[in-house]
Amino acid sequence: MEVHSSKKAIYAALVGNFLIAITKFAAAAYTGSSAMLSEAIHSLVDTGNQGLLLHGMRRSRQPADERHPFGYGMELYFWAFIVAILIFAVGAGVSLYEGVIKLLDPHPVTSPFVNYIVLALAMVFEGIAWWIAFGEFRRSKGPMGYFAAVRESKDPAIFTVLFEDTAAMLGLVVAFVALALGQATGIEAFDAIGSILIGVILAATAMLLAYESKGLLIGESASGRVTEGLRELAARQQGVARVNELLTMHLAPRQVLVNLSLDFEDRLSSADLEAAVSELEARMREAFPEVTRVFIEAQNWRLHLRQAQAIEDAYVETPPPEGES
């Protein structure tokens, strides 16, 4: 996904959530609804989150320097992880707290129709932002299924906004139903239960986002399509006898680091070897523009296997002496 596409979805969500947060806080103060206050806090957290994602995108575009020779692309992954933590700690935490407090000390919601109007307006604003985020995600996923696209996506900005907007829409529905049930039955606890359910929705969303962002933050390989394509290009390169190992890692949504260990034919001169390496690197960059860094190691395959085994053995924990646990 291109940067401008991600920014379009984020700006739409930021403007929508800011307007919704102001409206919800006013309605919560006027009516005393815990569910509405939880929704207001949710929208305020989402507004801040969009700001953090924009900050991460700006930081990730900084050029490489001496201290960060591979650039700052992973800044976006870091800030996406922070967003997940904020949703959990602030959004879910405050919503659960408000719900429990009102459950222990229930009080009626005044002027419920004010809340209905605010929730209806929020659904319109949030629905527009959700549709924009969903459209950008649908265009970026290609032929993949939606769940597979989330798992394979290397751009946390777009699926973070989509998840936030989806959680917001679900929260609005919960708040609306809770208020309606409370008004219809006269049971004040429904408002508190609605706040608790909103907290549960936010907590589940935060955990899913944290899981996806963590994988990118600690280093994920390129997609199977890219990895297999690179391996095929290397295997077809003239002068290559064997592909020993291919390692890839995303440094940013559109930046892939490639490490290759190749066994070249013994007949090649040093000049032929240099030409083969240069040609292969050029072909990789042409086929996959996201490949920005390529490191190729010329190594006999038997020696490579021995070294790989030694590295693997180093990770195996030495068993304790007999008699010790």
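Which helix holds both Phe159 and Phe163, and how many residues apart are they? Both sit in helix 6, 4 residues apart, or about one turn of the helix. Keep in mind that this is a predicted model.

**Nonpolar cores**

- The largest nonpolar core is made of 48 residues, and Ile10 and Phe137 have the most contacts inside it.
- Seven helices are listed as giving this core at least two residues each: helix 1 (3–31), helix 2 (34–60), helix 3 (75–104), helix 4 (112–141), helix 5 (146–152), helix 6 (156–185) and helix 7 (189–217).
- Helix 6 is the top contributor here, with 11 residues.
- There's another core apart from that one, with 20 residues, including Val240, Phe264, Met284 and Val294.

**Nonpolar surface patch**

- On the surface, Val15, Phe18, Leu19, Ile22, Ile117, Leu121, Val124, Phe125 and Ile128 make up a nonpolar patch, and together they have about 820 Å² of accessible area.
- Helix 1 and helix 4 each put at least two residues into the patch.
- Helix 4 has the largest share, at 5 residues.
- Ile22, one of the patch residues, belongs to helix 1.
- Ile22 has a relative accessibility of 49%, so it counts as partly exposed; the exposed class starts over 50%.

**Aromatic pairs**

- The model has 8 aromatic pairs.
- One of them joins Trp130 and Trp131 in a tilted arrangement, with 6.2 Å centre to centre and 40° between the planes.
- Trp130 is partly exposed because its relative accessibility is 24%, and buried would need under 20%.
- Phe159 and Phe163, the two from the opening question, also form a tilted pair, at 5.9 Å centre to centre with 50° between the planes.
- Phe159 and Phe163 are both buried.
- Elsewhere, ring pairs tie Phe113, Tyr116 and Phe176 together as a cluster.

**A look at Ala287**

- Ala287 is part of helix 9, which covers residues 270–287.
- With a relative accessible area of 43%, Ala287 is partly exposed.
- Ala287 and Leu233 are 54 residues apart along the chain, yet their C-alpha atoms are separated by 9.1 Å.

Methods
Residues are numbered from 1 along each chain as its sequence is written. This is a predicted model: local features need pLDDT of at least 70, side-chain atom pairs count only at pLDDT 80 or more; totals for chains, interfaces and linings use all residues. Side-chain values use heavy atoms; hydrogens and water are left out. A nonpolar core is a set of buried Ala, Val, Leu, Ile, Met, Phe, Trp, Tyr and Cys residues joined through side-chain atoms within 4.5 Å. Buried means under 20% relative accessible area, exposed over 50%, partly exposed in between (1.4 Å probe, protein chains only). Patches are made of residues with over 30% relative accessible area and no salt bridge: like charges are joined within 9 Å, nonpolar side chains (Val, Leu, Ile, Met, Phe, Trp, Tyr) within 5 Å. Accessible areas come from the Shrake-Rupley method with a 1.4 Å probe; for residues, only the protein chains shown count as cover. A salt bridge is a side-chain nitrogen of Lys or Arg within 4 Å of a carboxyl oxygen of Asp or Glu. Rings of Phe, Tyr and Trp (its six-membered ring) pair if their centres lie within 6.5 Å; planes under 30 degrees apart count as stacked, over 60 as edge-to-face and the rest as tilted.
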